[in-house]
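Please examine the model shown below. The paragraphs that follow lead through a part of its fold, step by step.

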Amino acid sequence: MKFGKVLFVAAAAATAMTAAAQAGTLDDVKARGELQCGVATPLPGFANPNADNVWEGLDVDVCRAVAAAVFGDPMKVKITPTTSKERFTVLQSGEIDMLARNTTWTFSRDVNLGFEFVGVNYYDGQGFLVNKSLGVSSATELDGASVCVQTGTTTELNLADYFRAQGMKYETVPIATAEEGAKVYDEGRCDVYTTDASGLYSLRSTLAAPAEQVVLPEIISKEPLGPLVRHGDQQWGDIARWTLNTMIIAEELGVTSANIDEMTSSTNPEILRLLGVEGNMGEQLGLDSKWAYNVIKNVGNYGESFKRNLTDTLNIERGINAQWKDGGLLYAPPMR
């Protein structure tokens, strides 16, 4: 019994030390003078360097929004591209403060790996991309195909489950990054490319003949993609969560980067709380009263980010990522 108690105490002490080590992320970020944020290796629309080598995309906007909330400056962020295999390690090790990298929220990642998903910034599902020359119009016709799939992802498991359920066989062509996958697929070394549908549209835009590629109609999984932080620092999790919520709520309330200054005179109490005109929400997070104002002014609301990064560049429509009042799944708790 004594030995059991010693083990219990040691385990409790280790847990406490881990929590203590992970606490104070906001102070660390402020002391460093920049946010360290992990994103995908180049994935157009979500995380990609532009012609001036400045990273942009839907996921990058989440990073910039948190930087704006903390510093009032969306550029005070170091962007770290990560592969699907290394993304969790760099977050666990503290090399980055948060991960905003088309990552699916699952039970094991949220609980087993010691992470905290702070919301969903893109509702997705796994699909299949093929060349029109393959002559197929449905994923049910892919028996015997060679399939490019990123290792270390939920995509691998979904692929195996789907083909098994359909009684079909396939050959795996493993890839590490979207860039590598585009090259392998373009060279004809696999018949099919599978990943989240958003990634397929992104990948298609980089291929030699995008008009010859077709995304098949089947969506075989639920892939709620969202940013995450380490367990153990509730304040930092709240900051990341409510920064994303701010972008979603701002769109719902009609607050944009263009009209935000006139909105500070609104008669809507929720808008006044959102923009720091009333209440002390910034203080509760350990931030300036204009933290949410800075997010919207500098980065925009969710709809602005979606249009800029996905609709205008990849022709991706809102679909299920529309606001709840427009028939979509996008929904954030009230700002009160």
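In this predicted model, helix 6 buries Thr154, Thr155, Asn158, Leu159, Tyr162 and Phe163. These residues lie on the same side of helix 6 because they cover an arc of only 155 degrees around the axis. On the other side of the helix, Leu157, Asp161 and Arg164 are exposed. The buried residues of helix 6 pack against helix 5 (107–112), strand 8, strand 9, strand 10, strand 11 and strand 13 (223–225). Helix 6 itself comprises 13 residues, 154–166, and reaches 18 Å from its first C-alpha to its last, close to the 18 Å expected at 1.5 Å a residue. Just after this helix, Gly167 takes a positive phi of about 70 degrees.

Five strands form an open sheet in the order 10-9-11-8-12, with mixed pairing. Strand 10 (170–175) and strand 12 (213–215) are its edges, each pairing on one side only. From one strand to the next, the twist averages 30 degrees. Helix 8 (residues 197–204) packs on the sheet, where it touches strand 8 (126–131), strand 11 and strand 12. The direction of helix 8 makes about 125 degrees with that of strand 11. Within the sheet, strand 9 (residues 145–150) and strand 11 (residues 192–196) run parallel and are joined by two bridges; Val147 stands opposite Val192 in strand 11.

Helix 9 (residues 234–253) has 20 residues and extends 27 Å from its first C-alpha to its last, close to the 28 Å expected at 1.5 Å a residue. Helix 9 is mostly covered, with 15 of its 20 residues buried.

How values were computed: Residues are numbered from 1 along each chain as its sequence is written. This is a predicted model: local features need pLDDT of at least 70, side-chain atom pairs count only at pLDDT 80 or more; totals for chains, interfaces and linings use all residues. Side-chain values use heavy atoms; hydrogens and water are left out. Two strands pair if DSSP finds at least two bridges between them. Helices (H or I, at least four residues) and strands (E, at least two) are DSSP runs, numbered from the N terminus. Axes are lines fitted to C-alpha atoms, for helices over the stretch in contact, and angles run from 0 to 180 degrees between N-to-C directions. Contact means heavy atoms within 4.5 Å. The expected span of a helix is 1.5 Å times one less than its number of residues. Buried means under 20% relative accessible area, exposed over 50%, partly exposed in between (1.4 Å probe, protein chains only). The arc is that of the directions from the helix axis to the C-beta atoms.
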